[in-house]
Amino acid sequence: MALEINNVLSWVLFCLAAMISTIFLKHRKSCYRMKWKLPPGKMGLRLVGETLEFYKAQRNNRLFEEFVEPRIAKYGKVFKTSLMGSPTVVVNGAEANRFIFSNEFKLVISSWPSSSVQLMGRNSIMEKQGDQHRFLRGLVTSCLSGASLEALVPKICNAVRLHLDKNWLGKDVVSLYRSTKLLTFTTVFECLLGINVEPQMLGTFERVVEGAFAPPINFPGSKFSREKKARVKISKMLEKIVAEKRKATESSLEGEEKRDMLLSRMVAAMVRGDLTEEEVIDNVILLVFAAHDTTSFAIAMRFKMLAQHPHCYSTILQEHVDVKNAKEPSEKLALGDVKKMEYTWQAARESIRLFPPIFGSFRKAVADIEYEGFTIPKGWKVLWTAYGTHYNEEYFQDPLRFDPSRFEEFIPPYIFLPFGGGPRTCAGYQLAKLNILIFVHYVVTRYNWSLIHPNESITMDPLPVPSKGMPIKISPKLS
Ligand code: HEM
């Protein structure tokens with residue numbers, strides 16, 4: 001109850017702040033009207049813009065159907081609105097996506113809510129621009145390509161097998177969503193970063209991640225203040241880990257295998273003076289945030305689609321049985337085996353198209369932008385959405401139908417956007433892909449499973465989450 005009162009109080013304070021900024025923006029709006037041709041659309045109620053409609057649609061997990069789609073029908077693919085106190089232009093369609101993504105850092109920069117920035121830290125990759133962004137991105141992707149990617153496969157296999165032995169063996173029912181959250185956490189920490197997961201780490205991290213989109217109202221006892229405390233706790237935990245790693249790096253005590261892992265590479269960059277300790281810590285936290293709910297939701301929806309499409313499931317099962325039969329029983333998979341899982345990846349992409357874990361993302365105009373005869377004034381937000389192309393007949397025929405064969409064909413750029421686009425395309429794409437394929441492999445070859453609630457609804461929190469955690473009934477396969 002106290003928690004609820006805190007939440008309500010946080011929202012009231014947040015709305016007041018939004019109102020004040022909206023009054024300010026209203027004043028500026030009349031200036032805009034005189035100077036520029038703005039995109040069509042409504043700025044909404046005088047004080048809160050269209051924020052309430054946006055949140056209501058988001059709560060129903062119908063942000064596209066109830067907010068974006070009706071406005072596209074009325075105003076076209078590019079329209080203006082006002083959200084959370086900011087005048088915003090929502091862009092939809094391949095051409096608008098291309099324009100925004102290819103002008104990253106030139107005309108637009110990423111624009112995350114203040115709570116995300118405070119909890120993830122000001123030094124994370126999502127706040128960096130230009131050369132600093134390129135450097136950090138290079139570090140992350142270097143651990144997810146070439147020889148590092150090959151080395152990652154057996155590590156993830158190990159993590160998945162241990163996870164299933166520890167958390168599934170002997171059980172009749174497991175929560176698929178919670179299970180994959182724990183697994184993703186472990187793969188990011190142990191397989192990508194090279195940090196051993198200690199008890200309590202996940203709980204503390206989850207508290208921080210949960211607050212990333214909450215109103216940033218920080219008074220004693222508020223939800224956000226508790227999330228900030230969790231962030232301080234994590235920073236301290238990571239400071240210790242980074243100090244130990246620094247010692248090992250400086251005294252060259254680390255084995256070759258560990259030296260190739262992301263934390264070691266970041267600490268080596270810190271020793272050379274290319275990164276600060278804050279940058280290392282903020283980026284470890286950001287990676288967990290970026291990987292956590294996204295991968296778990298993608299896997300949960302993957303299984304939901306398999307349950308609803310038995311023909312697709314039997315094709316996938318055969319693909320995995322073939323891969324398994326070509327190996328010794330205790331042999332781990334190699335990158336070459338994962339590459340054989342072509343149909344599984346087609347079907348995974350199709351379920352991510354229908355249920356993108358990230359609705360879209362905000363940018364901020366850093367200059368007046370001219371687009372299709374309209375102006376997006378400097379300082380306005382720009383929101384690109386995945387649904388704007390994923391659910392559009394122009395790009396995907398019969399868009400609401402689940403049809404993995406769409407991905408047999410080449411998909412033109414800027415229409416399939418679950419991983420974003422341009423210089424900020426998901427840096428963890430390869431890890432997400434391996435996590436999904438390897439997890440599916442071990443589950444379908446080792447377990448019979450069925451959904452307990454086939455029609456379980458999805459809630460937004462604010463990322464999509466299966467409302468009951470997607471419990472599944474499981475039984476081990478005999479051979
Ligand atoms: C199915 C799983 C995933 C989905 C759907 C996903 C989606 C996305 C999207 C849409 C963006 C772009 C955001 C924007 O344009 O503002 C992004 C960025 C990012 N993702 Fe992922 N992601 C997933 C998994 C992961 C994993 C496993 C990691 C790494 C451990 C990761 C790390 C990142 C990072 C570091 C960025 C920021 C890139 C930059 O700013 O240059 N993601 N992701």
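This is a predicted model: local features need pLDDT of at least 70, side-chain atom pairs count only at pLDDT 80 or more; totals for chains, interfaces and linings use all residues.
Let me begin with strand S5, residues 360-365, and strand S8, residues 381-385, which run antiparallel and are joined by five bridges; strands here are DSSP runs of E with at least two residues, helices are runs of H or I with at least four residues, and both are numbered from the N terminus. Two strands count as paired if DSSP finds at least two bridges between them. Within this pair, glycine 360 has threonine 385 in S8 as its bridge partner.

Residues are numbered from 1 along each chain as its sequence is written.

S5 and S8 belong to an open sheet of five strands with mixed pairing, in the order S1-S2-S8-S5-S3. At its edges are strand S1 (78-83) and strand S3 (108-110), each of which pairs on one side only.

Turning to S12, residues 471-476, this strand pairs with strand S4, residues 173-175, in the antiparallel sense over three bridges, and valine 173 has lysine 473 as its bridge partner there. S12 is also joined to strand S9, residues 447-451, by five bridges, again antiparallel, with asparagine 448 standing opposite serine 475.

Finally, helix H12, residues 262-271, has Leu262, Leu263, Ser264, Arg265, Met266 and Val267 buried, where buried requires 20 or more other C-beta atoms within 10 Å of the residue's own, the C-beta atoms being placed from the backbone. Just after H12, glycine 273 takes a positive phi of about 90°.

How values were computed
A residue is buried if 20 or more other C-beta atoms lie within 10 Å of its own, exposed if 12 or fewer, and partly exposed in between; C-beta atoms are placed from the backbone.
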